[in-house]
Amino acid sequence: MRLWDRFLMTLEGAYIALDSLRANKVRAALTISGVAVGVFVVVAMGATVHGIRQSFQQDMDEFGTSTFQVRRSNPGFNNCNPTNENCPERRFPGITLAEWKAVQRLPEVDHAMAWLFGASTVTYFDRVVKGVGYDAQSTEWIYTDQADIFPGRTFTAAEHDAAAQVTLVNKKLAEDLFGDSDPIGKEIDLGGTRFQVIGVFDTKAGFLKSLDGRGPDTPRMIIPMMTAYRRLDVWRRSMMLMVKPKPDVPRDAAMDAVTATLRGMRGLRPREINSFFLVGQDKMMETFDSLFGAIFMVGLGLSAVGLMVGGVGVVAIMMISVTERTREIGVRKALGATRGTILWQFLVEAMTLTSLGAGIGLLVGAGLAWIIRSTTPVPASVPFSAVVLSLLGAVLTGVVFGMLPATRASKLDPVEALRHE
């Protein structure tokens, strides 16, 4: 059969399928709804995960691609719980001030920021804001957070080293405590310790950073790390470092230097494992992908169920169609149509049904992605791979589940088919 004839037959099959839809609207709607739901799940999950990944990547980029963390515990999901007595990480010591200073002095390191965090109640006269998160950071925080400070300023190195009771508040906390009045110079109480407000910061945050309480809509403050270390009841063993190598130093070389320094300071023997973790952005992205990859696989499973339901519907409607058009099939065979021609015609009809369902699922999924993008910090967008995967899945469903009725139609005896009433 020539290619043009095959094309015309495909169009004819699609037309017959659409005509069948018009003639049996309820039955056809039930058939394609399963496929539409299956495709919708894939598109919605793909758009959401893609958006969250972009947001997470944005948060990671703020620290710089070469920046890595030095931590007491590993943030991966496949590691043991450090609160479990059987977990070896439970016995690991926290990062100390001496280790932080030693890392800062390494020639491979541009800067190393020390970081503690916690939460407490903040008061200003009769105004009380509960559960305010605070980041206790060294002066290098300004290089990694990319926050705008206005009005006011950040704390100086002298204020940091002297554990001065100064703080920067974000715009949300400033509004909650001071309303429209100037916050600079006012004193607030954080967990029983007085702090003078010296600046207001406006941070840029993606979805995950906002989820962690560091978004612009959550009251938060930044204080000198040494102040938290000496004056607040913080868990010092949770201190971590954000290390940025010098521009001309590869990250691996800087990580090797930090590893050698910490191992030497902790007196670890050659065969002993590190009692700390160095975590680069690739590790963080790997952790993200392992989490959301599992979620996406659950979505694919739900989508497969939807496609199965749609496929069963395709079998039912196509079998009815074959029965109703038995005489028509006999006429076509009497006029010279081959088994392959009849088989192809009914497969095209089945694929048209499932593709129509896929189109509806794609439109609804894209609409949901637009709503998520418009109303939340998640930049949800439908990835091209999800579109291709959905369409291929729908077409494959049409072929697999349409094969039985198509084969039955192709094997009909033309004489018996012409006698069918």
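**Exercise 1.** In this predicted model, work out which residues of helix H6 (residues 171–178) are buried, and where they sit as you look down the axis of H6.

*Solution.* 
- Start with burial, taking under 20% relative accessible area as the cut-off. Leu 173, Ala 174, Leu 177 and Phe 178 of H6 pass as buried.
- Now look down the helix axis: the buried residues of H6 fall within an arc of 100°, so they line one face of the helix.
- Next, check what they pack against: strands E2 (109–124), E3, E5, E6 (187–190), E7 (193–202) and E8.
- Finally, step past the end of the helix. Gly 179 follows H6, and its phi is positive, near 65°.

**Exercise 2.** Take strand E8 (residues 220–224): how many of its residues are buried, and in which sense does E8 pair with E3 and with E5?

*Solution.* 
- Burial is quick: five of the five residues in E8 are buried, leaving the strand mostly covered.
- With E3 (residues 127–137), E8 pairs in the parallel sense over five bridges.
- With E5 (residues 166–170), the pairing is antiparallel, over two bridges. Here Met 221 of E8 has Val 169 standing opposite.

**Exercise 3.** Describe how helices H3 (residues 97–104) and H9 (residues 251–266) cross, and sort the contact residues by type.

*Solution.* 
- H3 brings Ala 98, Glu 99, Ala 102 and Val 103 to the contact, while H9 brings Val 258, Thr 261, Leu 262, Met 265 and Arg 266.
- Sorted, the contact has six nonpolar residues, one polar and two charged.

Definitions and conventions. Residues are numbered from 1 along each chain as its sequence is written. This is a predicted model: local features need pLDDT of at least 70, side-chain atom pairs count only at pLDDT 80 or more; totals for chains, interfaces and linings use all residues. Side-chain values use heavy atoms; hydrogens and water are left out. Buried means under 20% relative accessible area, exposed over 50%, partly exposed in between (1.4 Å probe, protein chains only). Helices (H or I, at least four residues) and strands (E, at least two) are DSSP runs, numbered from the N terminus. Two strands pair if DSSP finds at least two bridges between them. Axes are lines fitted to C-alpha atoms, for helices over the stretch in contact, and angles run from 0 to 180 degrees between N-to-C directions. Contact means heavy atoms within 4.5 Å. Ala, Val, Leu, Ile, Met, Phe, Trp, Tyr, Cys and Pro count as nonpolar, Asp, Glu, Lys and Arg as charged, and the others, Gly among them, as polar. The arc is that of the directions from the helix axis to the C-beta atoms.
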